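Hi there,

Here is the structure I promised to pass on. My notes follow below it.

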Amino acid sequence: MIDEVAQAPMNGEGDGRPRPERSPANGKDGAGPPLEARGLHRTYRGVAGPELHILRGVDFTLDWAEAVAIVGASGSGKSTLLHLLGALDRPSAGSVRVGGTDIATLSDEEAARLRNKRIGFVFQFHHLLRDFTAQENVMVPALIRGDSPEAARSRATALLGQVGLGGRLGHKPRQLSGGEQQRVAVARALVNEPYILLADEPTGDLDTDTSRDVQDILFEMKERHGVALAVVTHNRELASKAERVLRLREGVLDNV
Ligand SMILES: Nc1ncnc2c1ncn2[C@@H]1O[C@H](COP(=O)(O)OP(=O)(O)OP(=O)(O)O)[C@@H](O)[C@H]1O
Ligand SMILES: [Mg+2]
């Protein structure tokens with residue numbers, strides 16, 4: 001499995017240094033924004049009832065290095081949308097382009113490779129590997145990409161330092177607080193220097209103060225790494241830190 005998704009490092013990326021704002025003009029995949037969705041529909045087959053038509057024509061563009069918050073009632077389809085934007089799921093109709101590549105043209109393995117290199121995910125629950133240390137957890141996407149263990153370890157160490165966990169490299173998830181676990185998840189999401197960071201309720205499981213800390217880290221790291229951020233949240237404070245806020249309602253996205 002690791003071999004299937006292994007790939008050579010791209011474009012000399014991966015040295016962990018802060019980089020200037022990225023755009024197609026400075027040598028990336030080609031024309032267009034890092035993420036662009038057009039006319040997205042997603043229906044779920046009804047289990048015991050009628051078909052559910054959750055997304056009904058969503059258009060969404062994420063620009064280089066911008067931050068967008070997506071809000072909406074519980075059940076409105078925010079996670080469904082984020083899964084489509086992150087190529088974790090495929091739309092019933094419509095298109096998603098990541099760095100100009102239409103994910104409909106990719107096999108599942110190619111989509112996995114694209115996710116590994118271009119997209120970082122942070123979920124409400126950290127999804128860290130429980131038997132791995134913080135450092136090893138952050139290294140995993142880099143190893144999958146095909147980086148050497150030395151390069152992966154050194155980048156993981158740098159990122160964990162940046163999120164304030166330089167003193168917790170050898171801690172396993174159960175030895176970390178909830179906020180620390182989310183910091184590790186943020187570091188892991190950035191280890192392959194993606195274009196895009198997708199976060200689904202990244203502070204949903206945290207108390208107010210810890211939530212604020214994780215919000216700050218998320219935005220600090222977004223700036224530092226020049227990555228575009230789309231964050232789904234019920235948290236008004238978090239949403240207000242984004243440059244744009246969009247609301248998902250009745251299957252479509254609108255400006256707030
Ligand atoms: N795999 C699935 N099969 C069938 N229905 C699903 C599936 N996934 C989600 N749904 C339905 O789609 C709707 C949207 O779900 P989704 O998880 O995207 O909502 P959400 O906006 O993220 O909600 P929350 O704020 O509570 O996380 C819900 O009504 C849910 O029951
Ligand atoms: Mg959700």
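What percentage of the 256 residues of the protein count as buried? The answer is 43%, where buried means 20 or more other C-beta atoms within 10 Å of a residue's own, exposed means 12 or fewer, partly exposed is in between, and C-beta atoms are placed from the backbone.

A word on provenance: this is a predicted model, in which local features need pLDDT of at least 70, side-chain atom pairs count only at pLDDT 80 or more, and totals for chains, interfaces and linings use all residues. Residues are numbered from 1 along each chain as its sequence is written, while chains are lettered from A and ligands numbered from 1 in the order in which they are written.

The protein has eight helices and ten strands (DSSP runs numbered from the N terminus: H or I of at least four residues, E of at least two).

After α7 comes G226, with a positive phi near 60 degrees.

Have a look at α4 (residues 134-145) and α6 too: their axes, lines fitted to C-alpha atoms over the stretch in contact, come within 7 Å and cross at roughly 30 degrees, with angles running from 0 to 180 degrees between N-to-C directions. The two are therefore roughly parallel (under 35 degrees; over 145 is roughly antiparallel, 65 to 115 roughly perpendicular, the rest oblique).

Best wishes
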